[in-house]
Amino acid sequence: MGQKMEGQVVVITGGGGVLCSTIAKEYAKLGAKVAVTDLRVEAAQAVCDEIAKNGGIAKAYSINCLDKKSIQAAHDAIVADLGPCTILVNGAGGNHPKGTTTSEYFFPEDIDDEAKVSFFDLDENGVDFVFKLNFTATFLTTQVFAKDMIKTGGNIINISSMNAFRPLTKIPAYSGAKAAVSNFTAWLAVHFANAGIRVNAIAPGFFVTNQNKALLFNADGTPTPRTEKILAGTPMRRFGKPEELLGTIMWLTDNDAASFVTGIVVPIDGGFSAYSGV
């Protein structure tokens, strides 16, 4: 597309992570001013340092996307430093062991097995935390930053997951939370349709990140059994690369190329969500 992003102020939550840091660098490369926000501000700062080294404009901000006061404080600092937000990427999210079962399937004898976490053992607070980390964080951050777009228009990109299309075993809290993000994306798109704000989402398949690396590879670098199952269910037979998210995101936030696109969730998953296994 070759679009430029001069004049855009991009706010990215979870910007210190593998995927969102790649998105931040691309927006900066295209000329946008980028606010890299993260609970771990040192991770956000490392991303900004790399952007600055390559001639881009970026600033790091501490944010807790589950605390509206923290979001508002980050917003006010960003507006003072870079200007009002025109593109919001809701990248904060993740899973937690307390919302995860031990096994893929439940068998009656599991109910008395103290070594296993079955559906009946899932921690209510853990499930609630995973839902908040993914859905509520997206909701609260959008409430604060979308106000900047009311008069000028703007774009919101949410990060869903192929879990929203086909829930994975073991992680019901994460799958449910991402399904909520997809539904919220469609709801917001309709709600903001007459305000010049487009809302879309991407649904990444399997990418290797700091959060999931230990689940995908053994200490010696060999793939875990779960990785073997993942790749067997991915027609392209590999993990995605972070830069493979960029084309879709840049298209969705291009006000010329995607001016009539709102309310969609685009899978970027190597065919995982399309494959029946047969």
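D110 is buried, with a relative accessible area of 4%; buried means under 20% relative accessible area, exposed over 50%, and partly exposed in between, using a 1.4 Å probe and protein chains only. You'll find D110 in the loop between β4 and α4. Helices here are DSSP runs of H or I with at least four residues, strands are runs of E with at least two, and both are numbered from the N terminus. Leaving aside neighbours within four places in sequence, D110 is in contact with Y105 and K116, where contact means heavy atoms within 4.5 Å.

A quick word on the ground rules: this is a predicted model, so local features need pLDDT of at least 70 and side-chain atom pairs count only at pLDDT 80 or more, while totals for chains, interfaces and linings use all residues. Residues are numbered from 1 along each chain as its sequence is written, and side-chain values use heavy atoms, with hydrogens and water left out.

**The sheet**

Now for the sheet. Seven strands make up an open sheet in the order β3-β2-β1-β4-β5-β6-β7, with parallel pairing. Two strands pair if DSSP finds at least two bridges between them. Which strands stand at the edges? They are β3 (57-62) and β7 (265-268), and each has a single partner strand, so one side of each is left without a neighbour in the sheet. From one strand to the next, the twist averages 20 degrees; angles run from 0 to 180 degrees between N-to-C directions, and axes are lines fitted to C-alpha atoms, for helices over the stretch in contact.

In general, strands of a sheet pair through backbone hydrogen bonds, either parallel or antiparallel. Take strand β4 (residues 87-90): four bridges join β4 to β5, and the two run parallel. N90 stands opposite N158 in β5.

Helices pack on this sheet too. Helix α2 (residues 41-53) touches β2 (33-38) and β3, and its direction makes about 175 degrees with that of β3. Helix α5 packs on the sheet as well, touching β5, β6 (197-204) and β7, with its direction at about 160 degrees to that of β6.

T185 sits in helix α5 (residues 172-191). Is T185 buried or exposed? T185 counts as buried because its relative accessible area is 0%. Its side chain reaches the backbone oxygen of V181 at 2.8 Å. Leaving aside neighbours within four places in sequence, T185 is in contact with N158, V199, N200, A201, G263 and I264.

M149 is another buried residue, with a relative accessible area of 0%. Its place is in the loop between α4 (124-145) and β5 (154-159). Not counting residues up to four places away in sequence, M149 touches C85, T86, I87, L88, G154, N155, I156, A195 and I197. M149 and P204 are 55 residues apart in sequence and 26 Å apart in space, C-alpha to C-alpha.

**Helices against helices**

Next, how do helices meet each other? Here are two pairs.

| Helix pair | Crossing angle | Axis distance |
|---|---|---|
| α1 (18-29) and α2 | about 30 degrees | 10 Å apart |
| α3 (68-81) and α4 | roughly 40 degrees | within 10 Å |

The angle for the α1 and α2 pair makes α1 roughly parallel to α2. Angles under 35 degrees count as roughly parallel, over 145 as roughly antiparallel, 65 to 115 as roughly perpendicular and the rest as oblique. The crossing of α1 and α2 is right-handed: a crossing is left-handed if the near helix is turned anticlockwise from the far one by less than a right angle, and right-handed if clockwise. S21, A24, K25 and A28 of α1 make the contact with V47, E50 and I51 of α2.

As for the other pair, its angle makes α3 oblique to α4. α3 passes α4 in a right-handed crossing. On the α3 side, the contact is made by K68, I71, Q72, H75 and I78, and on the α4 side by L140, T141, Q143, V144 and F145.

**Two positive phi values**

K170 has a positive phi of about 80 degrees although it is not a glycine. K170 lies in the loop between β5 and α5 and is partly exposed, with a relative accessible area of 26%. R237, also not a glycine, has a positive phi near 60 degrees. R237 lies in the loop between α7 (225-232) and α8 (246-252), and with a relative accessible area of 47%, R237 is partly exposed.

Methods: A polar contact is a pair of N or O atoms within 3.5 Å; within protein, one must be able to donate a hydrogen and the other to accept it, and residues adjacent in sequence count only if both atoms are side-chain atoms.
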